[in-house]
Amino acid sequence: MDFHQLLIDRRSIRRYTSEKIDPEHVRLILEAGLLAPTSKASRAWRFVVVEDEAMLTRLSECKPMGAAPIGKCPLAVVVAVDSTATEPWIEDASVAASYMQLQAAALGLGSCWIQIRDRFTADGTPSNEFIQEALGIPETCPVVCVLTFGHKDEQRKPQDLEKLKWENVHIGKF
């Protein structure tokens, strides 16, 4: 599959089978994140790989809506970043997360970005702090997102190229 087709076919997957992910595929997903470009080559991201079912269930409680896939996936990667090491830490973490999702798609696996930054638990605790405490992540390493990965247990239609918002593209000036 060429890269353009991969972009068309990749969709957020929220339902997974119970099948474990091949360790070599896990390595390739993580390697994709480690290959992502960063500002001034800071490489300040930190990835926490979670496969333990009890911890995945606990992490799924990081916000009242939208985090359920964490508790039902065989693998989650928490994407955090040392915010003291680089100014554009959000961007650096986001690029790495996107690379990992694209690698998963290339392997035929599903993934979903679960937003953590600026989100809160049901009792009002920042989702970031909830996850940092659960996984022992230092305070200086805010969590941007949790990526869920697994073998797809749902099928999504490819992107409809007719619905692309070309009117949002401006050439030369706005």
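Modeller: Helices here are DSSP runs of H or I with at least four residues, and strands are runs of E with at least two, numbered from the N terminus. This is a predicted model, where local features need pLDDT of at least 70, side-chain atom pairs count only at pLDDT 80 or more, and totals for chains, interfaces and linings use all residues. Residues are numbered from 1 along each chain as its sequence is written, and side-chain values use heavy atoms, with hydrogens and water left out.

Colleague: Which pattern does the protein chain follow along the sequence?

Modeller: The pattern is α-α-β-α-β-α-β-α-β. That is five helices and four strands.

Colleague: And how much of the protein chain is buried?

Modeller: Buried residues are 41% of the 174. Buried means under 20% relative accessible area, with a 1.4 Å probe and protein chains only.

Colleague: What share of the contacts with a separation of 6 or more is between residues 24 or more positions apart?

Modeller: It is 80%. A contact means heavy atoms within 4.5 Å.

Colleague: Is cysteine 62 buried or exposed?

Modeller: Cysteine 62 is buried, at 0% relative accessible area.

Methods
Buried means under 20% relative accessible area, exposed over 50%, partly exposed in between (1.4 Å probe, protein chains only).
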